[in-house]
Amino acid sequence: MELPDMNNVYVTHKGKEVSIAQHRKRPHGLPDEHEIACIEATDTIWYYGRTLDSLINRLIQVREDIDKGEYEC
């Protein structure tokens, strides 16, 4: 089985590590997946679309959520 084509970028905000990921060519015909996740909280995932605006808007939301302490990243 061919492994998915994955791109990950890791950044930090206020000491919290965040992963920005794109998973392409997923097995079993699954669609591409675009997500932002807090590394320490495996259940905290934000999804974004295929556009730059979508990614930017979601990153702003993630930053605001971390600033408010809404998620334990």
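Ile20 sits opposite Ile36, a residue of β3. The two strands here, β2 and β3, run antiparallel and are joined by six bridges. A word on terms: strands are DSSP runs of E with at least two residues, helices are runs of H or I with at least four, and both are numbered from the N terminus. Two strands count as paired if DSSP finds at least two bridges between them.

This is a predicted model, where local features need pLDDT of at least 70, side-chain atom pairs count only at pLDDT 80 or more, and totals for chains, interfaces and linings use all residues. Residues are numbered from 1 along each chain as its sequence is written, and side-chain values use heavy atoms, leaving out hydrogens and water.

## On either side

Ile20 also turns up as the bridge partner of Val9. β1 and β2 run antiparallel too, with nine bridges.

Over at β4, the pairing with β3 (residues 33-38) is antiparallel, with three bridges. Ala37 faces Ile45 of β4 there.

## The whole sheet, plus a helix

Put together, you get an open sheet of four strands in the order β1-β2-β3-β4, paired antiparallel. β1 (5-13) and β4 (45-47) are the edge strands, each pairing on one side only.

Helix α1 (residues 52-68) packs on this sheet and touches β1, β2 (16-24), β3 and β4, where contact means heavy atoms within 4.5 Å. The direction of α1 makes about 155 degrees with that of β4; such angles run from 0 to 180 degrees between N-to-C directions, using lines fitted to C-alpha atoms, for helices over the stretch in contact.
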